[in-house]
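Trainee: Before we talk pockets, can you put the model up?
Mentor: Here it is.

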Amino acid sequence: MRVLFDHQIFSSQVFGGVSKYFAEVIHRLPDNCWDISAWLSNNEYARHLGLFEMTPFLPGRNFRGKGRIMAELGKLHSLRVMRRGEFDMVHQTNFDTYLFKAIKGKPMITTYDDTNFVTEYDYNPRMKRLQEESLRRADAIIAVSENTRRDMLSHFDVDEGKVTVIHHGIDVPKIPAGLEARVVHEPYILYVGMRHRFKNFTNFIRGFGAIAARYPGLKVVCTRSPFTKEEQELFTHLGIADRMQVVTADEVTLNRLYRDAMFFVFPSLYEGFGMPILEAMANGCPTAIADASCFPEIGGDASLYFDPRDVDSIAHALETMVQDDSLRQDLARKGLERSALFTWQRTADRHLELYKSLI
């Protein structure tokens, strides 16, 4: 059996939950059962795991059209690989339909991560069309959570029998010796990831602003991109500009930030899975998360929940976490136990079972 993974996500993402998922699963499949038709890539997960002979494309330089160039060149390379026909099935890593003719009727697997592109959160008519066509063509569909499965079936006319729910996994964090020192010395609440509208960052910050004056030594640490002008104006308006910090974090630095945070907050309105919840738990970091989407499915009884649309509810949850040391200790303990139920090896084994069923 030979499963071919195409180039799409490895060309379009440097970091990101979808490319991490594919890299972690592929890495744990038997070596002789998979191939990747990727060439140009700056993806950090594929590089770190040595998944394929990747050629970086202008690393560190960002300009309009860079992603499109990588995607189109990668598409040409993928099509050349596919036309050789040395595979039994294809797992597409994003929803571009370019490969349909090239795979000549062989089984195709699609992973469905979330419905953001077909809802008000991040509506994209082109992506909705591509998703619809891919789901119709797919012989098997993987949904990353039960909540995502239900949402997908509510938006698309899909044969429910083709859908299998397979949760993501989490690695036991690896922090090299000698990095015991804190990245941020002050006590802090940790926010991880992008800050798009559906991520609900503004409501979280308003909630923090409501309690910040009572805890003058407490900061909010964010990862990813620098704060925008609009965000900085909001911080100034709330009187918390000196309490906000961005840290650019690779995997090791991110684990250190989880390890040392007072707690982690996840205020998003919707996600397909919510991998940072498990990342925090696996690092022994207490979690306060939105009572929305698939998050209770992932967090179980190991998180404190709040209404993400209610700033007062967010503020109350934040203050409860700050004040209650025993609660944080209890959630940290439960989080370690909860995260142990989600392993990448278990995820990869479930994928392998699905692939074998299509032969």
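Mentor: The lining of the second largest pocket divides into 9 nonpolar, 4 polar and 10 charged residues. Keep in mind that this model is predicted.

Trainee: What makes a residue part of a pocket's lining?
Mentor: An atom of the residue must lie within 4 Å of a pocket point. For the second largest pocket, 23 residues line the space. Among the closest to its centre are Glu24, His48 and Asp171. Glu251 and Asn255 belong to that closest group too.

Trainee: Which element gives the largest share of the lining of the second largest pocket?
Mentor: That is α3, with 5 residues. The elements giving two or more residues are α2, α3 (44-49), α9 and α10.

Trainee: How much space lies in the second largest pocket?
Mentor: About 540 Å³.

Trainee: And what volume does the largest pocket have?
Mentor: About 1,500 Å³. Its lining has 50 residues, and Gln13, Gly16, Gly17, Val18 and Arg224 are the closest to its centre.

Trainee: Which elements give two or more residues to the lining of the largest pocket?
Mentor: They are α1 (8-12), α2 (17-28), β4 (108-112), α5 (125-137), α9 (251-260) and α10 (275-282). The largest share, 4 residues, comes from α2.

Trainee: How does the lining of the largest pocket divide by residue type?
Mentor: Into 21 nonpolar, 19 polar and 10 charged residues.

Conventions
Residues numbered from 1 in each chain as written. Predicted model: local features only at pLDDT ≥ 70, side-chain atom pairs only at ≥ 80, totals over all residues. Heavy atoms only, no water. 1 Å grid on protein atoms, 1.4 Å probe; cavity = no way out; pocket = protein on both sides within 12 Å on 5 of 7 lines; lining within 4 Å. Points joined across faces, edges and corners; volume = space filled by probe spheres on them. Nonpolar A, V, L, I, M, F, W, Y, C, P; charged D, E, K, R; others polar.
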